Amino acid sequence: MTETPAPTIVAVPDGDLAAAVARPGGIARLADRIRASGAAVVAIGTDRFDAERGRGHRLDPTTAALALGRALPTHGLLVAAAPTREHPYNVARRVLSLDHVLDARVGLVVGARDHGLPATGEQHDPAEFAEVVRGLWRTWPLDSIVGDREAGRFADTTRILPLDHDGGPDGYRVRGPLTTPSSRQGEPVLAVWHDVAHEGADLVLGGAARPLVPLAGGAGASEPSGASRTPIGPGAHRRTLRDLLGLPVPAPVGA
Amino acid sequence: MSADTDAGLVLGVNLQGFGQRPAAWRTQDVEPTDLLTAGFWEDLGRTAERGLLDMVFFADHPALGDPNVRAYGLLEPFVALGAIADATTHLGLVGTASTTYNDPVDLAERLLSLDTVSGGRVAWNAVTTYDRSVSANFGVATNPERPERYARAGEVVDLVQALWRSAATGLPVDHHGEFTEFAGTITVPPSAQGHPVVFQAGGSPHGRDLAARVAEGVFAVELTPEPAREHYRAVKQAARTYGRRAADVAIVPGLSLVLGSTEAEAQRRFDELEALAPDGYSLRALGTHLDADLTDLDPDAPVPAAILDREVDPVTYGPSLGYHETVVRWVRAHNTSLREVLRGFGGYGARIVVGTPEQAADTIEEWYRTGAADGFNLMIDEFPRGLETVVDELVPILQRRGVFHREYEDVTLRGRLGARARGL
């Protein structure tokens, strides 16, 4: 087996995303810039992990990823989240839902904090946040959906299990299961920002660990090409984010 | 009927999995996992837009129910709406999110982001969440009681709206409330409609008060026109006491539809779908709204007075008070036997029409013209089939009768609701 070089992950600046949605055709132009960069995977919203960069105009990363992911039908997309204000049940649902809608091209990057917003009084451990999110992704296996119309059996519910996470007095308590079954790539890629220590993560991003390449070219550089808006047909090579990053599919749960 | 002078009926469609009927996935040629694909929702969105419907709506329940009883809500609502947004240009996109189990600042950013990306078509249906299965996913033992839930809801809606305004003006919010503290702003670019529209769905006195104060629309729960008219007047009147116009809040009850080319055919379809529903489904739905276990009752005897006469405490009563009030009133009027009650309970709490598109149009027009509703959130039996029937057969009748528009007047949802809302 030959070593293939790790694909470039390009970081899309928050300001570019915010500027793109403010003008007609802006998303298509931004997609063109990303294609021109040669990167196979984009990271969205990671500016918020940086105290300097994380204070400008921005969009919710999952919403931005949905719009951009449809304009870039073969790219992988990593979306940022932090425990600063969000709850892991909501994040787990949203990112796994996004993974379904974008055909298994999605991952999550968990950072220690979102510098763009004041924190609440509560402090949460980002590693625990990541662990809960991933645990929830594993509560409802996709292949438990059997769809037996004659018997009226939609799913084999014996394979849907609660998470029952109890992080103690300062941690999260999350029962589960998640409302969303696992995806075609098993589950979204779980990355952590370099300021988060979590052994179970698929990837560590940012800093010296794996620097992200800033997206080149300022806003408004070119007219949109209109290319690559075609949805991927069933015959096309539908590479998942795990395929793009050379990551294994997690072992099935309860099989 | 009159000319096309008051074609202000608001129509939305409640996207409930494969349809409102729990057996809808068994009666159509669909794959269960279609619910997880963008294409399924995009196609429904395009069909709704072809019929000039004002909006699609997703309920939300951040806890898993038994998918063998009813499979819906597999995708998070605003993600599914994002896919629909990209496939449509005018359709309003209404998503439900809990004021109890979301951070208001995060919520404000997320909803405004989709509103901006979609060109000003998003509405937030603010709910307080009463379901006991949800609280355990968020680390709390029980849901807060109703006054606290609504006090928090009022504060959260106020903060979210203040953040949306601050995103446009750049002026920071300085909020020190009973439940939340926030000083700062959000920096999402404003949308074509400024910021999302707000809907409210509770039918309790607390819920109606919140709607009258802050909401531009109400998803009401009504079974018969007379109570619907009373509630319609009450909310519009209350809006005035808050210094708003009666027309500033649109009343949009749910309406369940099982349509056929003849009444007999519609009834056959209804019976077939009910026969394939999980055992006791409608009995449990009725029991939920009455907060009582009905499973051991004699189906040929009336629902016992003890269940209907019970005083419910609006503070501690968990389930929806709006449903409770509406359903009790309706059971009293139809209580020859539990079996008969259930036969008319096919909307599971909402008004139902089992009949032809003409008959559905009769109900819609009557409610609209007599001040019982400004429009309806349609709960359609099966997707995609039932939505196509609505668009191809029901919508043209409503247009001929002069109650429903023939083109989208405005791209934004706020523009359309504002242009068409009515006073008393």
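Me: Starting with chain A: among contacts between residues at least 6 apart in sequence, what share joins residues at least 24 apart?
Reply: In chain A, 77% of those contacts join residues at least 24 apart. Keep in mind that this is a predicted model.

Me: OK. How many helices and strands does chain A have?
Reply: Chain A has six helices and eleven strands.

Me: And what percentage of chain A counts as buried?
Reply: 53% of its 255 residues.

Me: In what order do the strands of the seven-stranded sheet in chain A come?
Reply: The order is E10-E9-E4-E3-E2-E1-E11 in chain A, and the sheet is open with parallel pairing. Strand E10 (203-205) and strand E11 (213-214) of chain A are at the edges. Each of these has a single partner strand, so one side of each has no neighbour in the sheet.

Me: Which strand pairs with E10(A), and over how many bridges?
Reply: Strand E9 (residues 189-193) of chain A does, running parallel to E10(A), with three bridges between them. Within that pairing, Trp193(A) has Leu205(A) in E10(A) as its bridge partner.

Me: Which strands does H3(A) lie across?
Reply: H3(A) lies across strand E2 (41-44), strand E3 (76-81) and strand E4 (106-110) of chain A. Its direction is at about 170° to E3(A).

Me: What about H5 of chain A, where does that lie?
Reply: Helix H5 (residues 126-137) of chain A lies across E4 and E9 of chain A, at about 155° to E4(A).

Me: Switching topic. How many residues of each chain are in contact with the other chain?
Reply: 46 residues of chain A are in contact with 44 residues of chain B. Several elements of chain A each supply at least two residues to its side, among them helix H1 (14-21), helix H3 (61-71) and strand E5 (145-148).

Me: Which element gives the most on the chain A side?
Reply: H4(A), with eight residues.

Me: And how does that side split by class?
Reply: The side of chain A that touches chain B has 21 nonpolar, 14 polar and eleven charged residues.

Me: Now chain B. What is the strand order in its ten-stranded sheet?
Reply: E9-E8-E7-E4-E3-E2-E1-E12-E10-E11 in chain B, again an open sheet with parallel pairing. Strand E9 (250-251) and strand E11 (351-355) of chain B are the edge strands, and each pairs on one side only.

Me: How many bridges are there between E3 and E4 of chain B?
Reply: Six, in the parallel sense, between strand E3 (residues 92-98) and strand E4 (residues 122-127) of chain B. Ser98(B) is opposite Val127(B) in E4(B).

Me: At what angle do H3 and H4 of chain B cross?
Reply: At roughly 10°, and the axes of helix H3 (residues 77-87) and helix H4 (residues 104-117) of chain B come within 10 Å. Angles under 35 degrees count as roughly parallel, so H3(B) is roughly parallel to H4(B).

Me: Which residues meet there?
Reply: Phe78(B), Leu81(B), Gly82(B) and Ala85(B) of H3(B) meet Arg110(B), Leu114(B) and Val117(B) of H4(B). That contact has five nonpolar, one polar and one charged residues.

Me: Last pair. How do H14 and H15 of chain B cross?
Reply: Helix H14 (residues 357-369) and helix H15 (residues 385-400) of chain B cross at roughly 45°, with axes that come within 9 Å. H14(B) and H15(B) are therefore oblique to each other, and their crossing is right-handed. The residues making the contact include Ala361(B) and Ile364(B) of H14(B), and Leu394(B) and Ile397(B) of H15(B).

Technical notes: Residues numbered from 1 in each chain as written. Chains lettered and ligands numbered in written order. Predicted model: local features only at pLDDT ≥ 70, side-chain atom pairs only at ≥ 80, totals over all residues. Contact = placed C-beta atoms within 7 Å. Helix = DSSP H or I, 4+ residues; strand = E, 2+ residues; numbered from the N terminus. Nonpolar A, V, L, I, M, F, W, Y, C, P; charged D, E, K, R; others polar. Axes fitted to C-alpha atoms, helices over the stretch in contact; angles between N-to-C directions. Parallel < 35°, antiparallel > 145°, perpendicular 65-115°, else oblique. Left-handed = near helix turned anticlockwise from the far one by under 90°. Buried ≥ 20, exposed ≤ 12 C-beta atoms within 10 Å, placed from the backbone. Pairing = 2+ DSSP bridges.
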